[in-house]
Amino acid sequence: MEGRTLVRRAARGRVQTPVAREQVLLFRVGEGLYGIGIRGLWEVLSPEGITSLPTPQYQICTALAYRGRRLPLVRLGELFGVSADTVPPNARVLLTQGRGQPLGLLVDEVLGVVDVDPQHIAPMPVLASMLSPALFRGLVGKEDRVIILVSEDGLGEMAEVARFSDG
Amino acid sequence: MAPQAQRDRGVGGSSGGAQVVLFQLAGKSFAVELGQVEQIIDYREPTKTPRRPPHVEGVIEHRGRYLAVLNLRKRFGVAEPGPAHPAVLLITGAGPDPRVGLVVDQVLRVLSLPSDGVLTPPPRVFGIRAEYIRGVANAAGRPLVWLDVTKLLATAEAITLLA
């Protein structure tokens, strides 16, 4: 918890420094392994249960009709340049929020939840992608794999998303 | 001394020369300034990053930090694949990131270039514009191209290495 001392004295008198862990939902887009903090997530949906408005194939963002609301849906495969011709069978929509506004993310597959140490999250090198660095929270290693953490706020600020938002 | 005359005498620096790391790429000899090479490491498969430029292979973790890995063959438009076990130069002070990995075919050695042994390049060397070259030298009878990696990483200009 922020603002609270992280150092406490254990029963045997040894000083321990608890590591503030954070849970991250792992997902796949193309061959890439990505993650998003679960704190802002409020639902994971199967694409069959939702309706998205007709959208040109290569458009990054579309509108998602969900429980009477119209939410922006970012097709991460299109954004990352690894989109398949058809929606993968294990595709999911992650409902989260970017900059306080509801936001859907279409991913190829949800893989599970892992704990990461926020202190080990390093920035994405600028030269590593032609996309805006604001779209990525950073990189973190987990069991010899590198997880690319996306930034909900960065995604929510994309001009394409703003066009499909309610307000 | 007039600037042109100074360039004609050489560009190796005012203190009597420069130390460079000599490496091979597509059968040609290149060099980068030793001071910009933090370390030479073995190649390992990078993690692919989304929407990366064609010459960027992805990222690798090195001592708790992540750095972009650039393939110099691809940057120079060389279509033929490189060796199975290339080397990676960890370059500092070039580009927007603190360090970057540069994949080259083979690192040969550190070489001292005397200031009068480094010549101002012609407009193009092996198809590379002089803007990206700090100088050319003779290394054991073969031309050596001393690259300006800082300028090379700062541009998206297509470069095609010629025979």
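## Aromatic pairs

At 3% relative accessibility, F80(A) counts as buried, where buried means under 20% relative accessible area, exposed over 50% and partly exposed in between (1.4 Å probe, protein chains only). The model is predicted, and local features need pLDDT of at least 70, side-chain atom pairs count only at pLDDT 80 or more, and totals for chains, interfaces and linings use all residues. Residues are numbered from 1 along each chain as its sequence is written, chains are lettered from A and ligands numbered from 1 in the order in which they are written, and side-chain values use heavy atoms, with hydrogens and water left out.

Over all chains, the structure holds seven aromatic pairs. Rings of Phe, Tyr and Trp (its six-membered ring) pair if their centres lie within 6.5 Å; planes under 30 degrees apart count as stacked, over 60 as edge-to-face and the rest as tilted. One of these pairs is stacked: F80(A) and F136(A), at 6.1 Å centre to centre and with 25 degrees between the planes. This pair links distant parts of the chain, since F80(A) belongs to helix 1 (residues 76-80) of chain A and F136(A) to strand 12 (residues 136-142) of chain A, 56 residues apart. Helices (H or I, at least four residues) and strands (E, at least two) are DSSP runs, numbered from the N terminus. F136(A) is also buried, at 7% relative accessibility.

In chain B, the ring centres of F30(B) and F126(B) are 6.4 Å apart and the planes stand at 70 degrees, so this pair is edge-to-face. F30(B) lies in strand 2 (residues 28-33) of chain B, and F126(B) in the loop between strand 9 (124-125) and strand 10 (128-129) of chain B, so the pair ties together parts that are 96 residues apart in sequence. Both F30(B) and F126(B) are buried. The face of F126(B) also has K28(B) over it, at 5.1 Å from the ring centre; for such a placement, NZ of Lys or CZ of Arg must be within 6 Å of the ring centre and within 35 degrees of the ring normal.

Returning to chain A, one aromatic cluster is formed by F27(A), Y34(A), F80(A) and F136(A).

## Nonpolar cores

A nonpolar core is a set of buried Ala, Val, Leu, Ile, Met, Phe, Trp, Tyr and Cys residues joined through side-chain atoms within 4.5 Å. The largest such core has 66 residues, of which V74(A), L76(A), L79(A), F30(B) and F76(B) touch the most other members. Leaving aside neighbours within four places in sequence, L76(A) is in contact (heavy atoms within 4.5 Å) with F27(A), V29(A), L105(A), L106(A), V107(A) and L155(A). Another core, of eleven residues, lies apart from the largest one and has L113(B), A137(B), A139(B) and W146(B) among its members.

## Chain A: composition and sheet

Chain A has three helices and 13 strands. Of its 167 residues, 46% are buried. Among the contacts in chain A with a separation of 6 or more, 55% come from residues 24 or more positions apart.

Five strands of chain A form an open sheet of mixed pairing, in the order 11-3-4-13-12; two strands pair if DSSP finds at least two bridges between them. At the edges stand strand 11 (109-116) and strand 12 of chain A, each with a single partner strand, so one side of each is left without a neighbour in the sheet. From one strand to the next, the twist averages 35 degrees; axes are lines fitted to C-alpha atoms, for helices over the stretch in contact, and angles run from 0 to 180 degrees between N-to-C directions. Strand 12 of chain A, which holds F136(A), runs antiparallel to strand 13 (residues 145-150) of chain A and is joined to it by six bridges. G141(A) stands opposite V146(A) in strand 13 of chain A.

## Chain B: sheet

Chain B has an open sheet of five strands in the order 3-6-7-5-4, with mixed pairing. Its edge strands are strand 3 (37-42) and strand 4 (56-62) of chain B, each pairing on one side only. Strand 3 of chain B is antiparallel to strand 6 (residues 87-92) of chain B, and five bridges join them. Q39(B) has L90(B) in strand 6 of chain B as its bridge partner.

## Exposed loop residues

P89(A) is found in the loop between helix 1 and strand 9 (92-98) of chain A and is exposed, with a relative accessible area of 74%.

In chain B, R63(B) lies in the loop between strand 4 and strand 5 (65-71). R63(B) is exposed at 63% relative accessibility, and its phi is positive, near 55 degrees, in a residue other than glycine. A140(B), in the loop between strand 11 (133-139) and strand 12 (142-147) of chain B, is not a glycine but has a positive phi of about 55 degrees. A140(B) is exposed, with a relative accessible area of 78%.
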